[in-house]
Amino acid sequence: MDFFRNIYENFYKTFIYDDRYLYFLEGLKYTLIIAFFSALLGILIGSIVALIRDYYKENKRIKLLKKVADIYVYIVRGTPTLLQLMILYYVVFKSIDIPIVVVGILTFGINSGAYVAEIIRAGFESVGEGQREASRTLGLKYGQMMHYIIFPQAIQKIFPALGNEAITLLKETSIAGYIGIVELIKASDIISSRTYDYFFPLVISALIYLFLTFLMTKIMKVVERRMNKYV
């Protein structure tokens, strides 16, 4: 009985007392906001970078843009996300009045864009060269070839990888607390500083992350099955 009483007491002071569950709700809100808009930004940036690199491969033009895209991917993939976050917050936007949530979205979006670019590039390359040659024979321009032939086939192949990147991005938002954003880990840290107990706040945060990743995985599987029906 003492064991269960201690569990209840710890849960009560962590989650219920003084409405501390509100910290978790706030953390969940900012985690979802940052993850969602970062994913959109990452897909946008990644798509542009992948198209630049593929267009150069196809036509040997826009060499400068292709070089910039290569450098961007190399730097972002070669440095820690936390370092990028701190550089943007403490250096780039130091003298600019900008919400820290926006800084978080920009950082994670830029970071994710490099990985998305590689995923999409791999998807483009997975489509046989013969189909590109057939497109040229038919007189299709590059944009038409991508729209009607390459992209529809590539998206099915890269969708699982994009889903995994979205899950990774969701979990990476846990470092946003380093610049003061109250995401889930920061919320648990605030509560732990008041209860002097790290176990329950961290367990609750872990359960929330597990639920979110479980939900995202289920949604991706449903979407993937529906995509396969039209292939």
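## A pocket lined mostly by helix H7

Helix H7 supplies ten residues to the lining of the largest pocket, the largest share. Before we look around, a word on where this comes from. This is a predicted model, so to speak: local features need pLDDT of at least 70, side-chain atom pairs count only at pLDDT 80 or more, and totals for chains, interfaces and linings use all residues. Residues are numbered from 1 along each chain as its sequence is written, and side-chain values use heavy atoms, with hydrogens and water left out.

### The pocket

Helices here are DSSP runs (H or I, at least four residues), numbered from the N terminus. A pocket is found on a 1 Å grid over the protein atoms alone: it is an open set of points where a 1.4 Å probe fits, with protein on both sides within 12 Å along at least five of seven lines, and its lining residues have an atom within 4 Å of a point. The largest one holds about 680 Å³ of space, where the volume is the space filled by probe spheres set on the points, and points are joined across faces, edges and corners.

Which residues lie nearest the centre of the largest pocket? They are Ala39, Ile43, Leu162, Gly163 and Ala166, out of 27 lining residues. Helix H2 (21-59), H5, H7 and helix H9 (199-229) each give at least two residues to that lining. By class, the lining has 23 nonpolar, three polar and one charged residues. In this count, Ala, Val, Leu, Ile, Met, Phe, Trp, Tyr, Cys and Pro are nonpolar, Asp, Glu, Lys and Arg are charged, and the others, Gly among them, are polar.

### Two nonpolar cores

A nonpolar core is a set of buried Ala, Val, Leu, Ile, Met, Phe, Trp, Tyr and Cys residues joined through side-chain atoms within 4.5 Å. Buried means under 20% relative accessible area, exposed over 50%, and partly exposed in between (1.4 Å probe, protein chains only). The largest core has 14 residues, and Ile120, Phe124, Met145, Met146, Ile150, Ile158 and Leu162 touch the most other members. Helix H5 (100-126) and helix H7 (142-172) are the elements that give two or more residues to this core. Its largest share, eight residues, comes from H7.

Leu162 turns up in both places: it is one of the residues nearest the pocket's centre and a member of this core. Leaving aside neighbours within four places in sequence, Leu162 is in contact (heavy atoms within 4.5 Å) with Val116, Ile119 and Ile155. Apart from this core lies another, of 13 residues, among them Leu88, Ile105, Leu169 and Ile175. As background, nonpolar side chains tend to be buried together in soluble globular proteins.

### Along helix H2

How does the length of H2 work out? The expected span of a helix is 1.5 Å times one less than its number of residues. The 39 residues of H2 should therefore span 57 Å, and its end C-alpha atoms are 56 Å apart, which agrees. Ser38 sits in H2 and counts as buried because its relative accessibility is 0%. Not counting residues up to four places away in sequence, Ser38 touches Gly104, Ile105, Phe108, Gly109 and Leu169. Two of these, Ile105 and Leu169, also belong to the 13-residue core. After H2 comes Lys60, with a positive phi near 60 degrees.

### Loops and helix ends

Here are a few more residues side by side.

| Residue | Relative accessibility | Class |
|---|---|---|
| Tyr17 | 44% | partly exposed |
| Ile62 | 32% | partly exposed |
| Tyr196 | 73% | exposed |
| Thr195 | 8% | buried |
| Leu22 | 43% | partly exposed |

Ile62 lies in the loop between H2 and helix H3 (63-78), and its phi is near 45 degrees, a positive value in a residue other than glycine. Tyr196 also has a positive phi, near 60 degrees, and its place is in the loop between H8 and H9.

Thr195 belongs to helix H8 (residues 184-195). Which residues does Thr195 touch, not counting those up to four places away in sequence? Lys13, Thr14 and Arg20. Leu22, in helix H2, is 173 residues from Thr195 along the chain, and their C-alpha atoms are separated by 15 Å.

Tyr17, in the loop between helix H1 (2-16) and H2, is 117 residues from Ala134 in sequence and 68 Å from it in space, C-alpha to C-alpha.
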